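Thanks for coming. I'll show the structure first and then walk through a few parts of it.

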Amino acid sequence: MRVTFASEAAPGHPNEDFIASTPDALVLLDGAGTPVDSESGCVHGVAWYARSLGSTLLAGMTQGTGTLTEILAEGIKAVASLHDFICDLDHPGSPSATVIMIRRTAGVLDFLVLADSVLVLDVIGAAEPTVVCDKREATVGTPYRAAMDALDTGSSAHVTAHRRYVETLRDHRNRDGGFWIAAVDPLTAEQALTGTVRADQVRAVALLSDGASRLVDRFHLASWRQALGILEESGPDELIRQVREAEHADPAGSRWPRGKTHDNATAAYCLLSGEGFSVRRPEPGAE
Ligand SMILES: [Zn+2]
């Protein structure tokens, strides 16, 4: 695979997304942020959790032969063992992260998606890309959003409403009827969306944290097809630049209500097929 990626923190915040790759495996995590003045029971923080789990999963994919679900379950267990003797892992706000895993072996591409990061598969011959994303958190959260969305993003009332929203959603985290995200319990891995496709049937795949996918699924400024085009022609940096441009044009969230004006944004693009790949040559006469 030919892999390119970019990850950019929300201005003034630590980057709680994590992205890492080998030529045959790729992992993207989006750590669920802990709002200001909210407890988590963990002294390490969300960025540490996303980095620790992400690097453990990449190691598992490159060294192990298990299914992606098994590797995720083992990874959640391994990271819990790194801090269960210091931190309160029973705390409802303990760090958590969305997960996307991609692995290519023997002509097939395995994928796993847990929670609301977005995987886009550009299947050869299909007019529209296949989008894999678990929207259960958004569905569960819809009834609780109205109070937050009515306020200007960034105002102190909005900050309070956002904290309440996040804390309310914790009651639905990793429960039947709620939504599922990597945190402490290895059994959560069984809730992930998984699949396998023949590698020669896929032209490219894109992985996006929700801070990057918002260009399409919240701002509606591009289709998934157009997002793939931006990633291929201009690169992940350009997609994130367009997200920031839109956010700056709507700082208070009046056009696009959202929990945070800016979010950590990560985008990766993996080209599997040589089809369409072109070599750039200098113009005749150019230095
Ligand atoms: Zn901890």
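I'll begin with a single residue. If we skip its neighbours within four places in sequence, Thr261 is in contact with Thr153, Arg214, Glu247 and Pro251. Before going further, please keep in mind that this is a predicted model. Thr261 sits in the loop between helix H7, residues 236–249, and strand E10, residues 265–271. Is Thr261 buried or exposed? Thr261 counts as buried, because its relative accessibility is 17% and the cut-off for buried is under 20%.

Helix H7 also holds Arg241. Arg241 is partly exposed, with a relative accessible area of 40%. In sequence, Arg241 and Ala212 are 29 residues apart, while their C-alpha atoms are 9.5 Å apart in space.

Next, the largest pocket. Its volume is about 1,400 Å³. How many residues line the largest pocket? There are 50, and the ones that lie nearest its centre are His162, Val166, Gly259, Lys260 and Asp263. By type, the lining divides into 17 nonpolar, 18 polar and 15 charged residues. Four elements each supply at least two residues of that lining: strand E3 (25–31), H3, H4 and helix H5 (210–217). Which element gives the largest share of the lining? That is H4, with seven residues.

So let us look at H4 itself. Helix H4 covers residues 156–170, which is 15 residues. From first C-alpha to last, H4 reaches 22 Å, close to the expected 21 Å. The buried residues of H4 are His158, Ala161, His162, Tyr165, Val166, Leu169 and Arg170. What do the buried residues of H4 pack against? They pack against helix H3, residues 136–149.

Now the nonpolar cores. The largest nonpolar core has 27 residues, and Val27, Leu53, Leu72, Val99 and Met101 touch the most other members. Two or more residues of this core come from each of strand E2 (17–21), E3, helix H1 (46–63), helix H2 (68–83), strand E4 (97–105) and strand E5 (108–114). H1 gives the largest share of this core, seven residues. Apart from this core lies another one, of 26 residues, including Val120, Leu215, Leu231 and Leu271.

With its neighbours within four places in sequence left aside, Leu72 is in contact with Leu57, Val99, Met101, Leu112, Leu114 and Ala189.

H1 has 18 residues and reaches 26 Å from its first C-alpha to its last, close to the 26 Å expected. Among the buried residues of H1 are Val46, Trp48, Tyr49, Leu53, Leu57, Leu58 and Met61. Which elements do the buried residues of H1 pack against? The answer is E2, E3, H2 and E4.

A few loop and strand residues remain. Leu187 lies in the loop between H4 and strand E8, residues 193–198. Is Leu187 buried or exposed? Leu187 is exposed, because its relative accessible area is 54% and the cut-off for exposed is over 50%.

Leu193 lies in strand E8, and it is partly exposed at 31% relative accessible area. Neighbours within four places in sequence aside, Leu193 is in contact with Phe111, Leu112, Val113, Val132, Cys133 and Asp134. Leu193 and Ala265 are 72 residues apart in sequence and 22 Å apart in space, C-alpha to C-alpha.

Last, two backbone angles. Most residues other than glycine have a negative phi. Ala115 has a positive phi, near 75°. Ala115 is in the loop between E5 and strand E6, residues 118–123, and is buried, with a relative accessible area of 4%. Asn174, also not a glycine, has a positive phi of about 55°. Asn174 is placed in the loop between H4 and E8.

That is where I'll stop.

Methods. Residues numbered from 1 in each chain as written. Predicted model: local features only at pLDDT ≥ 70, side-chain atom pairs only at ≥ 80, totals over all residues. Heavy atoms only, no water. Expected span 1.5 Å × (residues − 1). Buried < 20%, exposed > 50% of the residue type's maximum accessible area, 1.4 Å probe, protein only. Contact = heavy atoms within 4.5 Å. 1 Å grid on protein atoms, 1.4 Å probe; cavity = no way out; pocket = protein on both sides within 12 Å on 5 of 7 lines; lining within 4 Å. Points joined across faces, edges and corners; volume = space filled by probe spheres on them. Nonpolar A, V, L, I, M, F, W, Y, C, P; charged D, E, K, R; others polar. Core = buried A, V, L, I, M, F, W, Y, C linked by side-chain atoms within 4.5 Å.
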